[in-house]
Amino acid sequence: MRAVRQNEVAQWLKTLFGSRVNIQEDITRNALLINGTPDNVQAALEAIRVLYQPLMNGRRSVALTPSYLSVDDLAKRLIEVLTAQGYAVAPLGQAGVRYPITLLPVAAVNSVFVFAVSDDVLKHVENWARTMDKPNERGVGKNFFTYQVRHKDASDLAKTLDQLLSGSRLRTGASATQASTGGGSASRLTSVVVDQSTNMLIFQAEPDEHSQISALLQTLDRPAKAALIEVTVAELSTIDSSQLGFEWLATHDISASGGKGGTYGTKGGTGIGTSGFNFRVLDAAGGVRVALNALASNNQATILSSPRVQARNGEQATIQVGQEVPIITSQQTSTGATPSPTQTGVLQTVQYRSTGVILKVKPVIHSGDQIDLEVDQEVSAAASTNTGVNISPTFSTRKLSTKLTLRNGATVMMGGLISNDSSQGSAGVPFLKDLPLIGNLFSTRTVGGNRRELVILITPYILNDSSEAEAMTEAFRKQLGSWADTAKPGDAPQNSRLLDLIALPPAGKSGP
């Protein structure tokens with residue numbers, strides 16, 4: 001069955017043929033299975049060809065587009081007039097073969113669809129529609145019209161319409177000049193007022209201008225597209241360092257020569273510290289004569305953030321997850337004169353710096369699933385200061401600002417950085433630390449390295465309407481649920497390479 005449900009046709013056949021044919025309904029395929037004698041099956045097929053058709057099959061139809069009335073008002077007035085004349089008109093929202101005339105108002109296209117049994121009835125309805133669809137020529141409401149905004153802010157739509165009408169006003173002014181010199185006639189200006197409580201536009205126009213303005217408003221009043229922007233910021237930082245050195249301590253008694261006893265050596269002088277592996281050689285009295293220290297460290301930190309934000313077409317959206325860190329920008333110390341001359345005060349000026357994951361994005365959606373993006377991405381954190389200014393923190397910042405054009409669902413790399421720093425140093429007893437082989441006994445050597453890999457990826461998803469936004473939200477909710485079920489606290493990637501930590505989705509993917 002391509003036009004009606006199978007249960008309706010099955011009911012007809014059971015009424016006509018009774019037990020002469022066996023009818024089974026296939027609900028899944030919206031089909032019927034018929035068996036019986038060849039004559040009965042052939043008769044059932046002929047009956048289906050007659051009954052198998054839409055209820056409105058054979059009806060005449062026409063679309064009425066009002067210029068001054070709303071489609072609902074026009075449909076209601078037509079029903080009242082036609083019913084008073086004796087025509088059987090279906091109530092709004094109902095249809096069927098028992099009503100010769102059916103009216104279907106569709107506000108989205110500003111049309112009233114009329115179904116009737118003959119062309120004469122359609123012409124009669126059209127004549128009444130032209131008679132009713134006229135501006136009100138009496139009272140205060142003369143040439144005033146309203147438009148109910150459905151998908152946008154009425155104020156924004158009024159600004160767009162006012163910009164268009166500004167050019168019309170300029171042309172009207174030129175026409176007025178011509179009229180004053182006998183070169184033409186001027187028309188009345190058009191004004192637009194916004195009713196904020198109902199999100200409605202009220203405008204004044206000539207009757208012949210109303211249809212054009214209404215058509216323009218319906219074209220502009222469309223749902224705004226949106227985009228879900230997903231950014232992945234991944235950073236792998238590896239720090240390697242090692243330290244090896246000897247410390248010596250010697251004691252020499254010079255009292256025999258009339259002086260005092262004393263010590264000399266390098267213990268603590270080369271700063272090898274006490275961490276790591278320690279080896280000490282003691283003298284007979286338990287004092288430390290020589291100390292060996294070996295220290296090696298390997299620190300690895302992975303920062304992985306994936307902010308997501310939804311933004312309307314042409315508007316900027318911001319998401320920030322982090323902390324407001326106070327910074328002392330100035331400090332002044334003053335001495336009080338009274339009542340305590342020794343009293344001092346400190347006046348500080350403090351500002352706050354936003355840290356954490358900060359994403360600012362502005363999408364511009366074009367036809368053909370193309371989207372332009374203006375992106376500002378920052379990942380920052382505060383740390384202690386080691387440069388001597390200990391009253392303010394040091395900020396570690398990874399920041400990117402760019403503009404790019406992408407396809408819907410495509411993932412590209414906005415930026416990347418690989419840096420590798422290494423350092424070597426030595427400290428020890430002058431001259432002795434430079435001797436071959438034995439110089440290691442009088443020195444401390446330090447080797448360090450710092451490798452950092454940074455990758456920033458972006459993926460936009462175009463959301464054409466609210467249903468797609470809800471589907472995207474549901475997909476993300478399922479993704480969270482799967483992660484919560486499988487992930488364990490403390491889990492961390494084990495790969496040493498940054499790109500191994502990121503699973504890139506295929507190009508052209510339309511969802512997360």
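Visitor: What makes V71, L74, A75, L78, I79 and L82 of α3 count as buried?

Guide: In α3, V71, L74, A75, L78, I79 and L82 are buried. Buried means under 20% relative accessible area, exposed over 50%, and partly exposed in between, with a 1.4 Å probe and protein chains only. These residues cover an arc of only 135 degrees around the axis, so they sit on the same side of α3. The arc is that of the directions from the helix axis to the C-beta atoms.

Visitor: What kind of model is this, and how are residues numbered?

Guide: This is a predicted model, where local features need pLDDT of at least 70, side-chain atom pairs count only at pLDDT 80 or more, and totals for chains, interfaces and linings use all residues. Residues are numbered from 1 along each chain as its sequence is written, and side-chain values use heavy atoms, with hydrogens and water left out.

Visitor: What covers the buried residues of α3?

Guide: The cover includes β3 (60-64), β4 (102-106), β5 (111-116) and α4 (119-132). Helices (H or I, at least four residues) and strands (E, at least two) are DSSP runs, numbered from the N terminus. The face of α3 turned away from its buried side carries the exposed residues E80 and A84.

Visitor: How do you know that the span of helix α3 agrees with its 15 residues?

Guide: The expected span of a helix is 1.5 Å times one less than its number of residues. For the 15 residues of α3 (residues 71-85), that gives 21 Å. The end C-alpha atoms are 21 Å apart, so the two agree. G86 follows α3, with a positive phi near 105 degrees.

Visitor: How many helices and strands does the protein have?

Guide: There are 7 helices and 19 strands. Buried residues make up 29% of the 512 residues.

Conventions: Contact = heavy atoms within 4.5 Å.
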